[in-house]
Amino acid sequence: WLSAKATDIRLRAPETYSIHKNVIDFGRDHSPDGIPARAIGLNRATLAIMRWAMQSYRRFQMLIRLVGTWGVAAQLDLLPCWASAAFFTMRLTSTSPSLKEHTLQLLKAGQNIQRFWLEASRLGLAMQPALAVLAFSHYGDCKLDFTIKQSLCRKSRKLATALKKIIGVNTEEVIFLGRIGEPYLRLPLYRSTRRGLTQLITRNIMDINDRSHSNVIRSEREL
C-alpha cells in the first residue's frame with residue numbers, strides 16, 4: 001500500500017508531469033533516451049489512455065480528476081508487490097559526522113547495493129527499487145515543500161509515519177528500499193538501452209548549458 005500511496009503522490013504532483021512526458025517513450029520498445037512505455041507495467045488499454053492524456057497537462061489533470069490514480073497504482077504497485085518474494089531495506093550501521101567520511105560511506109554503500117543487485121541477477125532473481133516511497137517519506141519526515149500542492153505534502157508526512165512504523169527507524173537512516181523475487185519473464189522484451197558514444201561526447205561545455213536551459217524553459221511552458 002505504501003508504494004501505491006507514493007505513486008498517487010507522484011502522479012498528482014504538477015511538477016512531475018513534464019518529467020513523465022519527456023521520459024516515457026511510446027514509440028520504441030528499446031529506447032536509448034527514455035523508458036519504453038510497454039516496460040512500465042501497464043496494460044494496453046491503460047497505455048492507450050495515458051498516451052492520449054500525456055499530450056497536454058490539461059488532459060492529464062482531467063484524467064486524474066475523473067478516474068484517480070488507483071487503477072495505475074494497482075498495476076504498477078499492488079499486483080507486482082503481492083507477487084514479490086520480499087521487501088527489504090538497506091541502511092548505514094553508523095553515520096560519520098564528517099561530511100567527507102559520510103560521502104565515502106555513501107559511495108561504499110552504493111557499491112554494496114550494486115554487488116547485491118548483481119548477485120541477485122546471477123541467481124536468477126529480479127530486484128526492483130521502491131525509491132518513490134523512500135523519497136516522498138524523506139520529504140515528509142523533513143517537512144519539505146517539494147510541490148506547490150500542500151495536500152500532497154501532508155500525504156508525504158503520513159507516508160513517512162506509516163513507513164517508520166514498518167521499518168522501525170527514521171527515513172534518514174535508510175539508503176535503499178526495494179523488492180525482490182523470481183521474474184515472470186527471464187529476458188525483458190522492452191527495455192532502456194544506452195546512447196551511442198557520439199551522443200554522449202560534447203565538445204563545448206556551453207552546449208550542455210544551452211540544452212539544460214532550453215529543457216527548463218520547455219518544462220515551465222508545459223506547466
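**Helix packing and salt bridges**

In helix α5, the residues Val72, Ala73, Gln75, Leu76, Asp77, Leu78, Pro80 and Cys81 are buried (under 20% relative accessible area, with exposed over 50% and partly exposed in between; 1.4 Å probe, protein chains only). The model is predicted, with local features needing pLDDT of at least 70, side-chain atom pairs counting only at pLDDT 80 or more, and totals for chains, interfaces and linings using all residues. Residues are numbered from 1 along each chain as its sequence is written, and side-chain values use heavy atoms, leaving out hydrogens and water.

Helix α5 spans residues 70–83 and has a kink of about 25° at Leu76, shortly before Pro80. The bend is the angle between axes fitted to the seven residues ending at a residue and the seven starting there. The buried residues of α5 pack against α1 (2–12), α3 (44–53), β4 (86–91) and β6 (174–181). Helices (H or I, at least four residues) and strands (E, at least two) are DSSP runs, numbered from the N terminus.

The structure holds eight salt bridges (a side-chain nitrogen of Lys or Arg within 4 Å of a carboxyl oxygen of Asp or Glu). Arg28 pairs with Asp25 at 2.7 Å, N to O. Arg28 also forms a salt bridge with Asp33, at 2.8 Å, N to O. Asp25 is buried, at 12% relative accessible area. Arg28 is partly exposed at 37%, and Asp33 is partly exposed at 40%.

Glu119 and Arg122 form a salt bridge at 2.7 Å, N to O. Both lie in helix α6 (residues 99–122), three residues apart, about one turn of the helix. A network of salt bridges links Asp8, Arg12 and Lys155.

Notes: Contact means heavy atoms within 4.5 Å.
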